[in-house]
Structure formats: structure tokens, C-alpha cells
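Colleague: I would like to learn how to read a model like this one. Please take me through it feature by feature.

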Amino acid sequence: MTNIPSVNLADFLSEDPKRKQKFVNEIGSAYEEIGFVALNHHFLDEKLVDELYTQVKAFFDLPEVTKKKYEREDLGGQRGYVSFGKEHAKGKKEGDLKEFWHFGQEPDEDAKLTEEYPENLNVEEVPKFNEVGMEAYRMLEKTGIYVLRALALYIGLDEHYFDHWASNGNSILRPIHYPPIETEPKGAVRAGAHGDINLITLLMGASSGGLQVQRKDGEWIDAIPKDDELVINVGDMLERHTNNKLRSTIHRVTNPPKEDWGKPRYSIPFFLHPRSDMPLDCLEECIDENNPKHYEDITAGEFLHQRLVEIGLIKK
């Protein structure tokens, strides 16, 4: 395998049971083997993607002092701006070579949440930034819920098992800017090798390459989706919940060749998180004699807090 498998969401959405089952089998086996797929026929249209990148670039082009107005340390990076080098991969001291923004959930009035989410910060200098960002947020959330429905069937659960937990969940849309590299980085890369915290991550095609995925044999391969595809991978919460049946694969964003240091990179992942009270206990369907229970019981909220401390966004 030299690239990640490609799957078609239209198969799952079709009225043909064989096509639907084909999608379930393809995405399930890919997530057992490498933990990543490239998905086409999702709910993001090209016009929305183009408009989102326009707004994101306009925000990151603002002066540093302006962007800093939207950095809220008291929120642990959950909303607004996080400045260059603040976040690092788990186990690393060097900060990643990136700055980013967080859009968070704006729940339905009847969501009946057990927690209160922080409000999104409105960027006055880029009037359409929030509107376009949240439109993309909704389309990515919708796509993610359909992917989780397919995975529920693959595991042997009711198709709608994840619906309650993922709808109005603590998901994050993160536009990222990797600025041009001006001097030799000392041990730092654009994004250090890591696994994602959440259930699944949906990533729009980045403005340049660099995303690499680690195969089971330890070899790194490039994740190169087509222009109309999303890269979707399993996060640590889903790996834990499925007792390692589905793989949260280590991945990284490498620094470009020296001749391309002067080029910025933009990337926009959507981290689909469940509601914080979701139990991440290992599913009975994923426990047997050959695969005994690997993890202690924990909620999604408790697990998220642990990880935010480990990656430096929440200080002990």
C-alpha cells in the first residue's frame, strides 16, 4: 500500500443494499488496516471550500497584534486563535510550526447537554469568516455522522448508535496556517507525529503536500487525496471504544524540501468529538478471548482533558 484507500459515500447513501454494504466493508477494513481513507461524494461543495480558504487566508494575513486579540488562554485553546508554536505533539517539547483557529459547536436549543460549550469568538476584521466557517462545520459534521453510521454497522451495532453522541458534540473545526520556514528548524516540524484525540477527523485537501501516515510495518506513506476528496481517519477515542479493532494511526506533517520553505501551507481538519458524557468503555462487540479488554472505563470529557494537558493547551 503506497497511498490510503479511496471510498465513495454515495455507495452508502444509495438505495442499493449491496452498494451500502460494500461501503461498510471497505471503510471498516481500511480502518482496521491503516486507519485512514480518502472519501468522495461528501457534503462539502467546491464553492464552499473555496470560500472557506479565502476567509481563512484573510484571517491569517491579519497583523499578529490583531490576531492576538482573539487568543483566549483561559479556554485552553478550545475557541479562537492559538499562536505559533503553542501546541506540540504528545511527548515532544518542540512546538509545532503552525498557528490555528478553533470554531466550536453551536448546539441546538433542545440539545439537552450536560455541559456548556464556550461561545465562538467573532472576528470583526473578516466579516464572513465566522459565517463561512460554521457553514463548513455543519457540512463536515453531517458527513462525519454518516461515516460513523457505516462504522456502527461494521462493528455490529445499531446504525444510529453514534447519532446522539456526535450530534451537538464537542467537535472542533481547525483552520491551520503553517507559515513559510525562514530558518533551519531545530527539531521542530509542521506537525509532529501524533494520533488524534477524537472519534474521527475529516480533513480537506491541504494547499500543499506533507501529510504522512505510518503503516503497521513502520513505513511512512504520503496521504495524497484527490481535489474533491476528504481524508478521514480514526482518532484515539474510537480506537479505545472499539478496543483497538479500529486503528488510530500515527501521522505527521513534514517540513517541505528546502526549495519550498518560502511557501505557506493551509490545512482545515474537522475533529469530530462526542458529547463529553459519552462513555468510552470498550464495546462488548470488540472484546473476545483473542482481544481482551485493553482500557479502563472513561468518559470522552475526561479523556479529552487528559490529552489537552499532554499536548500543552491546558496547563496543570
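This is a predicted model: local features need pLDDT of at least 70, side-chain atom pairs count only at pLDDT 80 or more; totals for chains, interfaces and linings use all residues.

Colleague: What percentage of the residues is buried?

Modeller: Buried means under 20% relative accessible area, exposed over 50%, and partly exposed in between (1.4 Å probe, protein chains only). Of the 316 residues in the protein chain, 54% are buried.

Colleague: How many helices and strands are there?

Modeller: Both are DSSP runs, numbered from the N terminus: helices are H or I with at least four residues, strands are E with at least two. The protein chain has eight helices and 14 strands. Take helix α5, residues 129–155. The expected span of a helix is 1.5 Å times one less than its number of residues. With 27 residues, α5 reaches 38 Å from its first C-alpha to its last, close to the 39 Å expected. In α5, 19 of the 27 residues are buried. Glycine 156 follows α5, with a positive phi near 105°.

Colleague: Which residues line the largest cavity?

Modeller: Rolling a probe the size of a water molecule over the atoms shows where empty space is left. On a 1 Å grid over the protein atoms alone, a cavity is a set of points where a 1.4 Å probe fits but cannot get out; lining residues have an atom within 4 Å of a point. The lining of the largest cavity includes Asn170, Met237, His273 and Arg275. Helix α8 (residues 300–310) gives the largest share, three residues. Among the buried residues of α8 are Ala300 and Leu304, which also line the cavity.

Colleague: Where does histidine 41 lie, and is it buried or exposed?

Modeller: Histidine 41 sits in the loop between β2 (36–40) and α3 (46–60). Its phi is positive, about 60°, although it is not a glycine. Histidine 41 is exposed, with a relative accessible area of 52%.

Note on methods. Residues are numbered from 1 along each chain as its sequence is written. Side-chain values use heavy atoms; hydrogens and water are left out. On a 1 Å grid over the protein atoms alone, a cavity is a set of points where a 1.4 Å probe fits but cannot get out, and a pocket is an open set with protein on both sides within 12 Å along at least five of seven lines; lining residues have an atom within 4 Å of a point.
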